[in-house]
Amino acid sequence: SLVLVTGGNGFIAAHCIATLLRCNYRVRATVRSAEKKALTLQALSSAKVENLSQLEIVVVSDPTNLGALSVTLSGCQAVVHLASAFTYDALPGEFEERLMIPAVKGTQIVCEAAKLHPTVRRVVVMSSFASVYNADLGLQPGTVYTEKDWCPLTYENGVNAAAVPTAYRASKVVAERAAWEYVRDHRVQFQLITLCPGMVFGRMIHPISSLSQLNASNQIVWQVLSAGKDGQIPPTKAPVWIDVEDLAETTVRTLTFSGVGHERFLVTQGSYDTQEIADIARSSPVASRRVPVGEPGKRIANTHYSCDSSKAQMMLGMKFRSLEESILPLAEQLFNMEMH
Ligand code: NDP
């Protein structure tokens, strides 16, 4: 069957495309320019993604335009919606235009377009752990977040946020709520699946030409790796994570699992902290001489909230890889990129 992936040039989207193709789906992916289309094809081909002949990339310069997006859904059985700005470089005054509108309107339009195409049976929206936890409550040791929890931020909180991380979190939760409101208020033929991953780490196969273009979550890893032997390990924020290939596999499994209703899934392997990333990286020969030592073995796990992702493990049969299995290949790739 044919699956539409929005934001096809992104870090997570590229892995979703690769996993879909490997599982014999046909994929149509949207990007915002002809240049990004060419770069994406090039990157996926260098990464030796299987069955690339089954991928079609279409340019939709404004994915919040219903007509333009709807055309791309023709003949599709499912949509995986990933296009959304995950950036911390917007300034106060820009949050509505750069974060809130693309996220919220983008998600509403995906739902509206899907309703126009009776062939579409599942709509998967990549939400975030940002839509689940309440960052204002701090560390909350002992708290275990589940799919029932919702970040309380509103549209107005996003527009008027004092700092960009709050605006990003608001963009994710208001967008996800918009999808749930859509299926509540309309008679839809599709099942809605929302996924709430923690920080996503792992090897990259999307188009990226230099470390300056690193996506926001892998930047956390690079900030540790590049802090310098005598540098400080940067503090940990939002310390739950998932590997990008595991997230892609989870996404693909939501297209065929036997559930009949709308579902929300938390997708996290467990806790991480930047000290743990440093400890893992120092075990590799390239990094041992340059990554800060900090306080080896110190872990955030017992001093912080955690997540229960047993629903994804039980309903989708997922087993998630360890932080080491995710970070070591990424570290090798990042050091290689630094050299070239
Ligand atoms: P990337 O930054 O690698 O990709 C983002 C994608 O969204 C790109 O295709 C980008 O296209 C598109 N995009 C950005 N801004 C806009 C906009 N204003 N309008 C339309 N499209 C836009 O991010 P990730 O792969 O990390 O993230 C993908 C999704 O996963 C996002 O929804 C993100 O919120 C979510 N997520 C990510 C997590 C992570 O840790 N990485 C954790 C939890 C959720 P272009 O290049 O044209 O800008």
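Predicted model: local features only at pLDDT ≥ 70, side-chain atom pairs only at ≥ 80, totals over all residues.
**Span 3–257**

I then looked up the record. The unreviewed UniProt entry annotates residues 3–257 as "domain: NAD-dependent epimerase/dehydratase".

**The seven-stranded sheet**

I traced an open sheet of 7 strands. I read its order as β3-β2-β1-β4-β5-β7-β10, and the pairing is parallel. Which strands stand at the edges? I found β3 (55–59) and β10 (263–267) there. Each has a single partner strand, so one side of each lacks a neighbour in the sheet. The twist from one strand to the next averages 20°.

Strand β1, residues 2–6, runs parallel to strand β4, residues 78–81, and I counted 4 bridges between them. Leu4 has Val79 of β4 as its bridge partner.

**The three-stranded sheet**

I went on to an open sheet of 3 strands. Its order is β8-β9-β11, and here the pairing is mixed. β8 and β11 (270–271) are the edge strands, each pairing on one side only.

How many bridges join β9 and β11? I found 2, in the antiparallel sense, with β9 covering residues 240–243. Val240 has Ser271 in β11 as its bridge partner.

**Helices α4 and α6**

I fitted the axes of α4 and α6, the latter being residues 164–185. They come within 9 Å and cross at roughly 20°. Angles under 35 degrees count as roughly parallel, so I logged α4 as roughly parallel to α6. The crossing is right-handed.

**Around the ligand**

I listed the residues around the ligand and got 24. Which come nearest? I noted Gly7, Gly10, Ser84, Pro102 and Ser217.

I sorted the shell by class. It has 13 nonpolar, 8 polar and 3 charged residues.

I then asked which elements supply the shell. α1 (11–22), α4 (95–115) and β8 (199–201) each give at least two residues. α1 has the largest share, with 3 residues.

Two of these elements had already come up in my notes. α4 is the helix that crosses α6 at roughly 20°, and α4 also supplies at least two shell residues.

Technical notes: Residues numbered from 1 in each chain as written. Near = placed C-beta within 6 Å. Nonpolar A, V, L, I, M, F, W, Y, C, P; charged D, E, K, R; others polar. UniProt positions renumbered as here; feature names shortened; annotations may be inferred. Pairing = 2+ DSSP bridges. Axes fitted to C-alpha atoms, helices over the stretch in contact; angles between N-to-C directions. Parallel < 35°, antiparallel > 145°, perpendicular 65-115°, else oblique. Left-handed = near helix turned anticlockwise from the far one by under 90°.
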